Protein chains: 2
Amino acid sequence: MAPCLAPASRIGILGGGQLGRMLARAAARLGFDCVVFDPDQDCPAGRSAAQTVTAAYEDLDAVARFAQSVDAVTYEFENVPAATAQIAAAHAPLRPGVKALGVAQDRLTEKTFLNRNGAETAAFCAVQTGDDLTEALGELGLPAVLKTRRFGYDGKGQAVIRDKSEAAAALAVMNGQPAILEAFVDFARELSIIAARSADGAVQIYPLAENRHADGLLRESLAPAHIDPCVQEAAEVMVTGVLNALEYVGVIAMELFALGHGALLANEIAPRVHNTGHWTQDACAVCQFEQHIRAVAGWPLGDPAPHHAAHMVNLIGEDVDDWAQWLQIENAVLHLYGKRETRAGRKMGHVNVLSALSDR
Amino acid sequence: MAPCLAPASRIGILGGGQLGRMLARAAARLGFDCVVFDPDQDCPAGRSAAQTVTAAYEDLDAVARFAQSVDAVTYEFENVPAATAQIAAAHAPLRPGVKALGVAQDRLTEKTFLNRNGAETAAFCAVQTGDDLTEALGELGLPAVLKTRRFGYDGKGQAVIRDKSEAAAALAVMNGQPAILEAFVDFARELSIIAARSADGAVQIYPLAENRHADGLLRESLAPAHIDPCVQEAAEVMVTGVLNALEYVGVIAMELFALGHGALLANEIAPRVHNTGHWTQDACAVCQFEQHIRAVAGWPLGDPAPHHAAHMVNLIGEDVDDWAQWLQIENAVLHLYGKRETRAGRKMGHVNVLSALSDR
């Protein structure tokens, strides 16, 4: 049994973006000190933490010193290098662990893992060469989506193939990296489920959110999603199987496609707090950030039941210029990330607009 | 018109205790960087802020540099030395201002000011000598309460006089400091009202809280208080008069006594966020800390309407050892301050237990 952290203990966070900032805020409310590890000294999370360590993730000496200086380590992004995670785990409890990172970092490993643990996905094939791609297209049919196995996020490293003539161009986007071809899913809705598992194996699950993406970026979430209770149940079974198979500790996000007839396919998992769970910050007594910190600290999980419905709107790029208008809207809770520079496609903040659960 | 701060601006906070820590967290959610000024390098607020300045409040050079380095300055305690406040105000907008500090730091000035601005108080007399005290007791009757004019808080520097024979001992407690004798108020309930005024003069007011003190320390608040709407109205008139007379910018707290027949007497004001407003953190979309930061930033105020009722329980001294039990209670939101040492009478944290407004 891993230790339970006392209040005022130190929690290390690998990664200093907005997710790290919101984790640090939640941890501070529970009395913890956070130490943020990020290559950028001026990162958003470092500016609301007790301490910042500025070093490259590949600087394993720095990672070791960082992990030695704290009582537990977590991360805010799934592309933590394997060696970094291993060194951190050698010096402090790393939650979630190395196994979850390994699965989530490679789409082929991830989808194979999901299928073996009760979470059905779209059909897929590994693709390295043009010949592989031709064969995979023959098997999966058209349209299909070619994706790099590693380091893809927010729609990057992806190419849709609608016609065989587009195959070569799609392969070029992969830039020689190992890839995966996925059957195109004609989904009715994009859903996601946020769940947590504690160090002693207890699981708590939030209601499904319905999400809308554009240009590969999450634009908005509505939660709880308007769905049949049996869909919530099916998603809970899928995510619980994955949490237990990974012996997971912390918050996980699973993105799902709901097909027209109601069946669910798992798309991907993120071994961390997730943008589609931001609605919980203002609609639940215990939000995903607190839930994650509780798990990382070896504390019992909280009740994930929402007291409000929420419409979460991402402020991307120049959307953030509307901050003053959002302040005027009743029941809108504004979250800004403190980023110095507004860039197209950059997540700058979000808003949770609350409404009564009974209105839904 | 004072400037409106852009997101990612820097806000300076004089004082690094739990109120500063909660202000820093609220500011971080709105995208600000906080700089905390405190003599203690390891203060609670500094550990969730962008930067900490460690210096004595009397180090006016350090105060000047601190104020120059930020876009606005606020404070978390009312005993900021006058010279410190003046230096800060010379280099950055100080919100609330020097005037509010001057009024709140001296009970005689405060009560005189309150009475002149529509907030009736208990009868009082200035007391310096034994003769003053004899005369004042003759005027106000028994029992009465003798208090130091300055630097009293949480019941310190006070002595109740129930019999003339106790007068000398009470005066000794004052230790030669200027004092004030107040008529004893046989109140039915202790109430408080949290209100805010923006840089452009708009006022927003939270519902009254009912408070219970013991040994001079706040133990719990219930909000909204179960009171007649006309009592809320009377309190709003009182606090609005005070806010406007002070040309106040920020959150203020006014403690009130409700007499048996429903009339209100003002007890004191605190020119800052206040322990009796902590219930707003989890029961309102916009809590007192966000409201204060909005005002300090020159931003519009938010809607103070609660979406829940709350029972706020202070965790004082060893109360904090029950933290794990509070985690298990549904609708209880735990706040710990990250203080390293538990001491008798020290505020270590609080809990907000939420319930439906309609249950009240």
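**Group meeting: a walk through the two chains**

Hi everyone, let's begin with Ala6(B), which sits in the segment before strand E1 (10–14) of chain B. Strands here are DSSP runs of E with at least two residues, helices are runs of H or I with at least four, and both are numbered from the N terminus. A word on the source: this is a predicted model, where local features need pLDDT of at least 70, side-chain atom pairs count only at pLDDT 80 or more, and totals for chains, interfaces and linings use all residues. Residues are numbered from 1 along each chain as its sequence is written, while chains are lettered from A and ligands numbered from 1 in the order in which they are written.

Back to our alanine: is Ala6(B) buried or exposed? Ala6(B) counts as exposed because it has 11 C-beta neighbours inside 10 Å. The cut-offs are 20 or more other C-beta atoms within 10 Å for buried, 12 or fewer for exposed, and partly exposed in between, with C-beta atoms placed from the backbone. From Ala6(B) to Tyr75(B) is 69 residues in sequence and 20 Å in space, C-alpha to C-alpha.

Now, how do the chains meet? Chain B brings 35 residues to the contact and chain A brings 36 residues; contact means C-beta atoms, placed from the backbone, within 7 Å. On the chain B side, helix H1 (18–29), helix H11 (323–327), strand E16 (332–336) and strand E17 (347–355) each give at least two residues.

And the symmetry? Chain B superposes on chain A by a rotation of 180° with 0.0 Å of shift along the axis, RMSD 0.0 Å, fitted by least squares on C-alpha atoms of residues with pLDDT of at least 70 in both copies. That makes it the relation of a two-fold axis. Within chain B, Ser48(B) has the C-alpha nearest the axis, at 2.4 Å. Both copies use the same surface, as 100% of the contact residues of chain B recur in chain A.

Last stop, helix H7 (residues 167–174) of chain A, where Ala167(A), Ala170(A), Leu171(A) and Met174(A) are buried. Seen down the helix axis, the buried residues of H7(A) fall within an arc of 100°, so they line one face; that arc is taken from the directions from the axis to the C-beta atoms. Ala168(A), Ala169(A) and Ala172(A), on the other side of H7(A), are exposed. What do the buried residues of H7(A) pack against? They pack against helix H6 (130–140) and strands E6 (144–148), E7 (158–161) and E8 (179–183) of chain A. After H7(A) comes Asn175(A), with a positive phi near 60°. Thanks, everyone!

How values were computed: Two residues are in contact if their C-beta atoms, placed from the backbone, lie within 7 Å.
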